[in-house]
Amino acid sequence: MIEIANVTMEFRNKGVGGDGSTLTALKDISVTIPDGCVYGFLGSNGAGKSTLMRLLCGVYRLQKGTIKVDGRDVWNNASVKSEMFFVNDETVQYADFTLEGLRKYYRSYYETFSDEVFYRLAKQLQLPLNRKMSSFSKGMKRQAVVIVGLASMTKYLVLDEAFDGLDPAMRKMVKDIITDEMLDRGATLILSSHNIAEINELCDRALLIHKGELVFDGEIDKIRSCACKVQLMRKDSAITREELEKTGVDILKYSIMGSVAQVIVRGAGDEIMQKISAVPNDVCELIPLTLEEVFIYELEARGYGHEALSEN
Amino acid sequence: MKRFLRINRMALGETRTHTKFIVIVNILLGFGCLLLSLEKSYIDLLHADWMIFGYLLFAVGGIIGTMAVIGVFRDLNSIQYSDVQMSLPMSSAQRYFSKLLALFYLHIFPVLFWGGLTVVIKTIEKHNSEVYRFFWTTGDWDFFWYESVDWFRLYLCFAASVLFLDAVGVLCAVCCGRRAETGYFSYIAAYCLSVLPGLIWNRLLRTWGGQTMEAGHAFFVWTWSFWAKTYTDFPTYLLLINCGISIALMVLMYFVYRRRDAGTAGRPVSNRVFFEGVMFAAVLTMLSLNGSRYGILLTITGIAYLVIHIITFREQLSCRKIAVWLGKYAVTVLLVFLLNFAAYMTNGFGAVYYIPSESLDGAHVVVTTNRTTGSVVFYAGSGLAIYNERMEAYDGYVAPISMSDELKRDAIRIVQRHLAAQEKSFTDFFQRLGLIETEENWRHDLVTITVFQTKTGPDQEVMTQSLFLPYHEINAMAEELEDSGLVRAMEDLWYESYAHQFHR
């Protein structure tokens, strides 16, 4: 189990050639990742997902807060790191390797490395073993690193934008391979993606970070049910936002088209319906949200997208 | 042992990722070995001095070690490599020492191997030569021993040079966060470390203390040994110390390395103390090169100083920033001048009082004056001989007085005190720095003390000290020496010579 408690990370642009400014990448993040789950990191660009992953894997030194992996600190701890494999969002660092060379490289570090798994998966994905990876396509490089990660047989596999560059067919195949391999041995998979449908499909749990702050975390089903869409209609006059707010509901988004009002409301469906029923209406319909919609509305409520538009 | 095997496994894993470098360095060193070891045959065959190319290939083989350092420490240069290497199951100590071991396999071991092979081949070749066979049969073991030590010294020279460059490379890699900076800072730092001790001796101690003797070998104790090797009598033990310092530095840099995480990867320089230290050392080195070319040196150094600051700057450039850097450069130059001025005021930080530590028994001490008038310089003769037991062999003078070591030192101290007591002024400082040239330059006389070591022959000069002294000071000095009875034997000759000058 990974316990992240009150983690704050700042990048200080000081020292030689720096202007002394500070960028807060993560603000007081607290999350628990249980064993054996598939955990998705969601967030806008530059939200802090990769930073959190790097902290998890001991690439960055922790500044504030704690990260415990099975009760142990991760920074500078070889035994904890031997249970983790991190695949970042780039592949340029593997350009000089052949796949066989990559196997030998990681085999030097991971005592649990399985040649059997490696060769089996390489064969399954039809990857050439003795060709320089610089000649691989981006998707092939991704596949190569993922199979090395799986063959390392670690308890935790951390994938940053792992499916980036894969075509839909290969994406499905790699996803199947990962889930089969990881779930068979009860390992924990942590992955980040901009593709919310992918997270929705693969993960049991997820978190959403925006500008370094945790928006929500938990089981996907619960996240989906933490907000819902309500469509309301009143024949004589349109239902206003103020009327709805008076009932005590937490409105993320309000829009009106003719006499039909559509609101995105934070909270459980039953509770929302109970509160909204206080507003006189002719039709009231509750529509569950997809994870993607929750993601979009939560970020919109925080001004994401609007900022970019107003800047442009 | 288990820990070492684990680190070794990691080091081999790292080494395997640098196959191109392994091939390149072994080609360079292999051919270097071939040219050096088969030098005699090549000369006979091709009538060319191929040995120099052998040395050159070994030198290049050593210099490219910086590439190996950059490759091995790539986790500090790029966030992508940091992601890979820092997430691997290693503590920072295991990671660092596995990298040092990988550096050994990649670069240090090939130099030691090819260097060792060269020495072995040369030794066998020499021992098979007719000259050697002659000494072998006559039992002149000293000759054999001398040659063996010489070759061992050459081997150590190879080892010391590669360790020095790699140690400086590691220092720069650990303090920089980008490949380019690690590369050029390595060469700047290696150059400064190699020449600066000698330059400091020359500029601060020799110039302002009046010492004209060469800097001791100890000044080149930690240096690129190909440089130090130009001193044919460079002691073997100093080469060993050179190797030891390099190894110690590489080990100690762990304490800086362990503080780094991926956050500083990609930053040109991650350690400000290192950056400012190298920049100051570079300015001090450049401004110590040649005092008479200060204008050119100030300009070239200033441009380089500015360019490095621009390259390492990570934000939007502005005129204000450039002005700040120029101001910083001005302050650095001022510090260098202040250092020189302090050396001037203290007569080379007390170097003016330097007397050879070894016994002066059997040595003779000569004090000479050179009178200068206008642009014409004429020699006034060896006016004052404090003690010259062997002067008859040296200058035709007879000096029958035997003087004790202590008395000779007293005599030298009197002269040195007079040298140190002369009036100081900014004009005099800038004149002697070569920045101002006026008629004042000719107002002083040159006083030289020379101590000749006579134990192995009168030509063995162990100390020479030259300083300018006002004319009246020479008189005072001569009187004091006379009053103390230290020049009694030569007084007639002295006065005759000196009076001759006065009456001209």
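**Close-up views of a predicted two-chain model**

**View 1. Helices H14 and H16 of chain B cross at roughly 55°.** In this predicted model, the axes of H14(B), residues 272-289, and H16(B), residues 319-345, come within 10 Å of each other. An angle of roughly 55° makes H14(B) oblique to H16(B). The crossing itself is right-handed. To find the contact, look on H14(B) for Phe280(B), Val283(B), Leu284(B) and Leu287(B), and on H16(B) for Thr332(B), Val333(B) and Val336(B). Six of these contact residues are nonpolar and one is polar, with no charged residue among them.

**View 2. Chain B meets chain A.** Here 32 residues of chain B are in contact with 29 residues of chain A. On the chain B side, at least two residues each come from H1 (2-15), H6 (79-86), H7 (92-127) and H14. Which helix gives the largest share of that side? It is H6(B), with six residues. By residue type, the side of chain B that touches chain A is made up of 13 nonpolar, 11 polar and eight charged residues.

**View 3. Strand S14 of chain A pairs with strand S11 of chain A.** Now we turn to chain A. S11(A), residues 227-233, runs antiparallel to S14(A), and six bridges join the pair. Within this pairing, Cys228(A) stands opposite Pro288(A) of S14(A). Is S14(A), residues 283-288, well covered or hardly covered? S14(A) is hardly covered: of its six residues, the number buried is zero.

Definitions and conventions
Residues are numbered from 1 along each chain as its sequence is written. Chains are lettered from A and ligands numbered from 1 in the order in which they are written. This is a predicted model: local features need pLDDT of at least 70, side-chain atom pairs count only at pLDDT 80 or more; totals for chains, interfaces and linings use all residues. Axes are lines fitted to C-alpha atoms, for helices over the stretch in contact, and angles run from 0 to 180 degrees between N-to-C directions. Helices (H or I, at least four residues) and strands (E, at least two) are DSSP runs, numbered from the N terminus. Angles under 35 degrees count as roughly parallel, over 145 as roughly antiparallel, 65 to 115 as roughly perpendicular and the rest as oblique. A crossing is left-handed if the near helix is turned anticlockwise from the far one by less than a right angle, and right-handed if clockwise. Two residues are in contact if their C-beta atoms, placed from the backbone, lie within 7 Å. Ala, Val, Leu, Ile, Met, Phe, Trp, Tyr, Cys and Pro count as nonpolar, Asp, Glu, Lys and Arg as charged, and the others, Gly among them, as polar. A residue is buried if 20 or more other C-beta atoms lie within 10 Å of its own, exposed if 12 or fewer, and partly exposed in between; C-beta atoms are placed from the backbone. Two strands pair if DSSP finds at least two bridges between them.
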